[in-house]
Amino acid sequence: MAEDELEMSVDSELAALQLPGTRTNLYRELLSSFPAGVTVVTAFDAEQRPRGLTLIAFCGVSLEPPLVLVCVDRASNTLPAIQHSGGFTVNVIGSHSPQVARLMATKAGDKFERIPWRRPELPEGGPILHADSAAHIVCKTWQAREAGDHWIFIGEVMEGAAAENQQPLVFHRRAFVDLGLSG
Ligand SMILES: Cc1cc2nc3c(=O)[nH]c(=O)nc-3n(C[C@H](O)[C@H](O)[C@H](O)COP(=O)(O)O)c2cc1C
């Protein structure tokens, strides 16, 4: 396909996407095209209770110092815990645990009574979901700033571990997907 034809077809697809809905719908549609690993970001609140949410807005930022970032909705009940504790843990959910990703995407008050977890060594870190994660990354908050209706937390990686034989869960086009790489 010639480059101008490709541009035309992309333009007409974008125009079609905009027809039925608002800019928010278009934004959701566009971002759902990008497959993302599924994490559960956790922190302890002021009463040392575990908090956490399912989160795909995670990425690496810097190697030296080692930094990652997460974006947390202003309306999240986990947000005050991350702000108070000065850190968080990113649990990369394994392909065997979509039910944990579903549970952590709810507002249930007893999320952590239903799954195993343990404390990290770093006092600022959040609960480690050792039975349901392909990896965990424990961070101390390095910088926090507001961006629209979310907060961006940049965390310095202080401890962590990855299970080589555990495949990650992926979210693509509004569904949890198993990459099917095991075996
Ligand atoms: C696949 C998936 C990805 C999500 N990604 C994010 C995200 O990146 N940031 C965010 O703030 N919420 C995200 N959410 C929504 C939160 O998980 C959800 O609002 C949750 O109920 C918040 O829980 P909390 O209020 O206990 O913190 C996502 C939900 C799902 C199902």
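Is Arg173 buried or exposed, and how many other C-beta atoms lie within 10 Å? Keep that in mind; we will select this residue at the last stop.

Before we start, note that this is a predicted model, in which local features need pLDDT of at least 70, side-chain atom pairs count only at pLDDT 80 or more, and totals for chains, interfaces and linings use all residues. Residues are numbered from 1 along each chain as its sequence is written.

**Stop 1: the sheet.** Colour the strands (E runs of at least two residues in DSSP, just as helices are H or I runs of at least four, numbered from the N terminus). Seven strands make an open sheet, in the order 3-2-6-7-8-5-4, with antiparallel pairing. Two strands count as paired if DSSP finds at least two bridges between them. At the edges you will find strand 3 and strand 4 (58-62), each pairing on one side only. On average, neighbouring strands of this sheet are turned by 35° against each other, direction ignored; the angles are taken between axes fitted to C-alpha atoms, over the stretch in contact for helices, and run from 0 to 180 degrees between N-to-C directions.

Stop 2: Select residues 87-93 and 133-147, which are strand 6 and strand 7. These two run antiparallel and are joined by seven bridges.

**Stop 3: loops.** Go to Pro65, in the loop between strand 4 and strand 5. The peptide bond leading from Glu64 to Pro65 is cis, with omega near 0°.

Next, pick Gln48, in the loop between strand 2 (39-44) and strand 3. Its phi is near 65°, a positive value in a residue other than glycine. Gln48 counts as exposed because it has 9 C-beta neighbours inside 10 Å.

Finally, select Arg173, in the loop between strand 9 (169-172) and strand 10 (175-178). Arg173 is not a glycine, yet its phi is positive, at about 50°. Arg173 is exposed, with 10 other C-beta atoms within 10 Å. The cut-offs are 12 or fewer for exposed, 20 or more for buried, and partly exposed in between, with C-beta atoms placed from the backbone.
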